[in-house]
Amino acid sequence: MSIPLRTLPASLALAGAALLGACASQPAVDVSAVRQIPQAAPLPAGWEHGAFMEVFVRSYQDSNGDGVGDLRGLTQRLDYLQALGIKGLWLMPVNASADHDHGYAVTDYRAIEPAYGTLADFDELVRQAHARGIGIVIDYVINHSSNANPLFVQSASSKANPWRDWYVWQDAKPAGWSIFDRDPWVMTPNGAYFAQFDDTMPDFNLRNPAVVAYHLDSLRFWLNHGVDGFRVDAVGHLFENGPQGWSMQPENYPFLARLRRELDIDHPHVMVCESPGDPIGFAAPTACGASFAFGHSDALVKAGRGDDKAIREVADYFLKAPDTMATMVSNHDHFAGKRLWDAMGGDPARVRVAAAAYLLQPGTPYLYYGEELGMSAAATDDADGKLRGPMSWTSAGGFSTGTPYRPASTNLATNNAQSELADPGSMLAFYTAMLRLRNDHPSIARGSYLDPRVDGRTMSFQRVFEGERTAVVINYGDDAAAATLAGLPANARLQRLFPASGAALLAGTDGMARVPAPALSVQVFIVSH
Ligand SMILES: [Ca+2]
Ligand SMILES: [Ca+2]
């Protein structure tokens, strides 16, 4: 994978001077152009219909004993991910960042976080992942950077600095603003800057064409390094139009469509956006094309607890939502909920029914690392940090030969990969079976969504792709029940795919079948004439 020769656009002549060190008092910034995008190493056709996993590199696997996860460590674990059936990884930011945790305070959009390794390590990760049929999607933070990013250091250094207009500045603090109960304007000796999320994360001025060109070039930089797509952070917050107009502004949507167009991001590349405020809106072809299914995620969790209204919502979601939704039951942000194991009170049967729905419905499932083990929160009081604990590899940890930077999960002793790989009844075995269904049956990976029904607390739906039809029955209730399937071919035979044992069922001449459903159970059938 070669990086094309970079040239400085004439409009950035001053920037180039800084890059060359002409402004000795300020840090250098590389804003050079990146144009060509070579063809990425091919992945198997349809890879993007498989399940993804969100991975926090800092917590996944440490390879050098410094207690911090890194890219080489993740590369060592690709065989595990392949065996689980994962087809894509979403890496939380791997850029150099100032926060030394989640990575969303980026200090260099074209460099790897030093604690994670080198660009060569990243290239090797991509190469090894592709060799296993696994695509790599990286987080890209376009709304804001760290205040330690040299771009902002320049911008803040004086009102006359050539980078001044790369961020959002006012001479005096404007009145009337409050975002998340906080004044987003931060006063400095050189004026006030705008920062939606935190004083340390100033918003870019995305109305400045040079800023957009820089980000497009940085995105191209990563495409040149073989990534298969991007998860774009905080897309509801890109543009502002005054104190009442700081989120979900109309400009946000076509801006994302423009990024896709300029980067030629379509098949095989993916772009998936994060907006809790308008998940379905951002999934539109006129915006991102794909978006995380916030809301549905809450319903999946509540349904897992047997909530009647949520079961109905889960059943109906894909009657309206596009199948490009990225589905999940938790992620790295505490506003998205607890780890699934904790959200289900540590009841493995409830974890299974909650997870089965999103692993077998339309959409692209995004497992959160460790979810497949029933991994619980890390043993820390920090609300966000407890969601991002070291991966539970063995009962002794297995994450690092040194001292892990964060305490292990509270259920490490029982819920760890080594123990679960040896146990056919483990959560890991269940997730592996669900992903195998998805990988082996195109109707589950990409089929249409038919006849969702709720009978009591038992949900059923059917998936059809070309000549293949599957039926899913999930009983969220504590009591044995039954589902009634309709719309089947007359006298169809329902052969069990999961669990594999048990007699086949038959539909009547009216295309209906009654399916007994044990308490808290998941059943999958393939339908034949
Ligand atoms: Ca390390
Ligand atoms: Ca913004």
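Select E466 to begin: this residue lies in the loop between β15 and β16. Helices (H or I, at least four residues) and strands (E, at least two) are DSSP runs, numbered from the N terminus. The model is a predicted one, in which local features need pLDDT of at least 70 and side-chain atom pairs count only at pLDDT 80 or more, while totals for chains, interfaces and linings use all residues. Residues are numbered from 1 along each chain as its sequence is written, chains are lettered from A and ligands numbered from 1 in the order in which they are written, and side-chain values use heavy atoms, with hydrogens and water left out.

The phi angle of E466 is near 50°, a positive value in a residue other than glycine. E466 is exposed, with a relative accessible area of 70%. Here, buried means under 20% relative accessible area, exposed over 50%, and partly exposed in between (1.4 Å probe, protein chains only).

**The open sheet**

Next, display the strands around this loop. Six strands form an open sheet in the order β14-β15-β16-β21-β18-β19, with antiparallel pairing. The edges are held by β14 (448-455) and β19 (505-506), each with a single partner strand, so one side of each is left without a neighbour in the sheet. Two strands pair if DSSP finds at least two bridges between them.

Select residues 468-475 and 521-528, which are strands β16 and β21; they pair in the antiparallel sense over seven bridges. Within this pair, T470 stands opposite I526 in β21.

Helix α10 (residues 308-320) touches β14 and β15 (458-465), and its direction makes about 160° with that of β14. Helix α12 (residues 348-360) touches β15, β16 and β21, and its direction makes about 30° with that of β21. Contact means heavy atoms within 4.5 Å; axes are lines fitted to C-alpha atoms, for helices over the stretch in contact, and angles run from 0 to 180 degrees between N-to-C directions.

**Two loops to inspect**

Move to P499, in the loop between β18 (493-498) and β19. A cis peptide bond joins F498 and P499, with omega about -15°. Then select N491, in the loop between β17 (481-485) and β18. Its phi is near 60°, a positive value in a residue other than glycine. N491 is partly exposed, with a relative accessible area of 43%.

**The calcium ions**

Select ligand 1, a calcium ion coordinated by D62 (OD), N64 (OD1), D66 (OD), V68 (O) and D70 (OD), at 2.2 to 2.4 Å. Donors are N, O and S atoms within 2.8 Å of the metal (3.2 Å for Na, K and Ca); water is not among the atoms, so sites may look incomplete. Along the sequence, the donor residues of this ion are spaced D-x1-N-x1-D-x1-V-x1-D. N64 is exposed, with a relative accessible area of 52%, and D66 counts as partly exposed at 41%.

Ligand 2 is a calcium ion coordinated by N143 (OD1), D203 (OD), H237 (O), L238 (O) and E240 (OE), at 2.3 to 2.7 Å. The donors of ligand 2 follow the spacing N-x59-D-x33-H-L-x1-E along the chain. Both H237 and L238 are buried.

**Helix α6**

Select residues 209-224, helix α6: at 1.5 Å a residue its 16 residues should span 22 Å, and its end C-alpha atoms are 22 Å apart, which agrees. The expected span of a helix is 1.5 Å times one less than its number of residues. In α6, 13 of the 16 residues are buried, so the helix is largely enclosed by the rest of the structure. At its start, a side-chain oxygen of N208 reaches to within 2.9 Å of the backbone nitrogen of A210. Just after α6, G226 takes a positive phi of about 90°.

**Strands β9 and β10**

Select residues 229-232 and 270-273: strands β9 and β10 run parallel and are joined by four bridges. The bridge partner of V232 in β10 is C273. Both faces of β10 are covered, with V270 and V272 on one side and M271 and C273 on the other, all buried.

**The last stop: R406**

Finally, select R406, in the loop between β13 (364-368) and α13 (417-421). R406 counts as buried at 11% relative accessibility. Its side chain makes a polar contact with the side chain of D101 (3.0 Å), and the side chain of R406 also reaches the backbone oxygen of R388 at 3.2 Å. A polar contact is a pair of N or O atoms within 3.5 Å; within protein, one must be able to donate a hydrogen and the other to accept it, and residues adjacent in sequence count only if both atoms are side-chain atoms.
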